[in-house]
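Please open the structure in a viewer and keep the sequence beside it.

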Amino acid sequence: MTEARWPDDRRAQSARRTPGTPCWVSLMAHDVAATQEFYAELFGWTYRPGPQQLGPYVRAMLDGYEVAGIGQLPDRQLPITWTPYLASDDADATAESVRHCGGTVGVGPLVAGKAGRMAIASDPAGAVFGIWQAAAHAGAGVAGVPGTPTWTELLTRETVEVAKFYQTLFGYHEKAATRPNLDYLTLSLDGRPVASVRGVGQALPRDRGAHWMTYFETLNVDASAARVVELGGHVISPAEPGRYGRIATVADPEGAVFTLIRSERPS
């Protein structure tokens, strides 16, 4: 699980991320104004304009640091979902590798103003993710504190084949769970865990299929889940103890699913 990190200064927001590191997360919604209001009430976010290449887009801010993006979904038939972006030194080369490894590139690569170069792709199981080649914008400026993304997990039918896809793209070191009957891998870069892959078999939601799940840190999972409901969202999985802390899976008013977590930090 991501350790809480406040950068020493604002230059940390432009620091290079190792390729494969989840560096940003974006939500494309129908009603951007209402979506902004929901997350402002839930996490205390404020907003400022971001790149407009794909339509209206804002960056969510927490205490002056960029933490996530919210944009206008161009097609009402597309699913509304939080999408993680994985760092790359060359978005075009990574996109080409996606195609060679059996994935699909749906958008780009294209230039996002002065911020960087991006593409949106899906793995062979259909899970959508972004590719981000940083220029002026390296990604989130703070992580692991309340109101910010703290972990990224791929939920898929089984881990073996899809893990090979991501390992080929980014060179992850994979560590399998030791508990019997648990299909779970931790992905590491430079000796540091950065994401996980969970195989859930037939329990994979039919309406979403394979997908990446973003975990947002919160001080009180139960209270935050109740607040989601008050703001027009709903609870998918009630609060309970999880692998790395207390968690609850919820959805915002437009149906974007995410997990709330109160992480258990090493003492």
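In what order do the strands of the open sheet that includes S10 and S14 stand? The order is S10-S11-S12-S9-S13-S16-S15-S14, 8 strands with mixed pairing. Helices (H or I, at least four residues) and strands (E, at least two) are DSSP runs, numbered from the N terminus, and two strands pair if DSSP finds at least two bridges between them.

Before going further, note that this is a predicted model, in which local features need pLDDT of at least 70, side-chain atom pairs count only at pLDDT 80 or more, and totals for chains, interfaces and linings use all residues. Residues are numbered from 1 along each chain as its sequence is written, and side-chain values use heavy atoms, with hydrogens and water left out.

Next, select strand S15 (residues 245-251) together with strand S16 (residues 257-263): 7 bridges pair them in the antiparallel sense. Within this pairing, Gly 245 stands opposite Ser 263 in S16. Helix H1 also packs on this sheet, where it touches S13 and S16 and makes about 10 degrees with the direction of S16; contact means heavy atoms within 4.5 Å. Then select helix H3 (residues 159-170), which packs on the sheet and touches strand S9 (149-156), S10, strand S11 (183-189), strand S12 (192-199) and S13. The direction of H3 makes about 5 degrees with that of S11.

**The sheet from S2 to S6**

Move to the open sheet of 8 strands with the order S2-S3-S4-S1-S5-S8-S7-S6, where the pairing is again mixed. At its edges are strand S2 (46-49) and strand S6 (104-112); each has a single partner strand, so one side of each lacks a neighbour in the sheet. Direction ignored, neighbouring strands here are turned by 30 degrees against each other on average.

Select residues 116-122 and 128-134, strands S7 and S8, which run antiparallel and are joined by 7 bridges. Ser 122 has Val 128 in S8 as its bridge partner. Now select residues 32-43: helix H1 lies across strand S1 (22-29), S2, strand S3 (57-62), strand S4 (65-72) and strand S5 (82-87), and runs at about 150 degrees to S4.

Two backbone details can be picked out here. A cis peptide bond, with omega of about 5 degrees, joins Gly 108 and Pro 109, and Pro 109 is found in strand S6. In the loop between S3 and S4 lies Asp 63, a residue other than glycine whose phi is positive, near 50 degrees.

**An aromatic pair**

Select Trp 82 and Phe 216. Their ring centres are 5.3 Å apart and their planes stand at 65 degrees, so the pair is edge-to-face. Rings of Phe, Tyr and Trp (its six-membered ring) pair if their centres lie within 6.5 Å; planes under 30 degrees apart count as stacked, over 60 as edge-to-face and the rest as tilted. Trp 82 in strand S5 and Phe 216 in strand S13 are 134 residues apart, and the pair links distant parts of the chain. By this rule, the count comes to 19 aromatic pairs.

**The largest pocket**

Which residues lie closest to the centre of the largest pocket? Select Leu 78, Pro 79, Thr 81, Thr 83 and Val 128, the closest of the 31 lining residues. On a 1 Å grid over the protein atoms alone, a cavity is a set of points where a 1.4 Å probe fits but cannot get out, and a pocket is an open set with protein on both sides within 12 Å along at least five of seven lines; lining residues have an atom within 4 Å of a point. The largest share of the lining, 4 residues, comes from S5.

Key
Axes fitted to C-alpha atoms, helices over the stretch in contact; angles between N-to-C directions.
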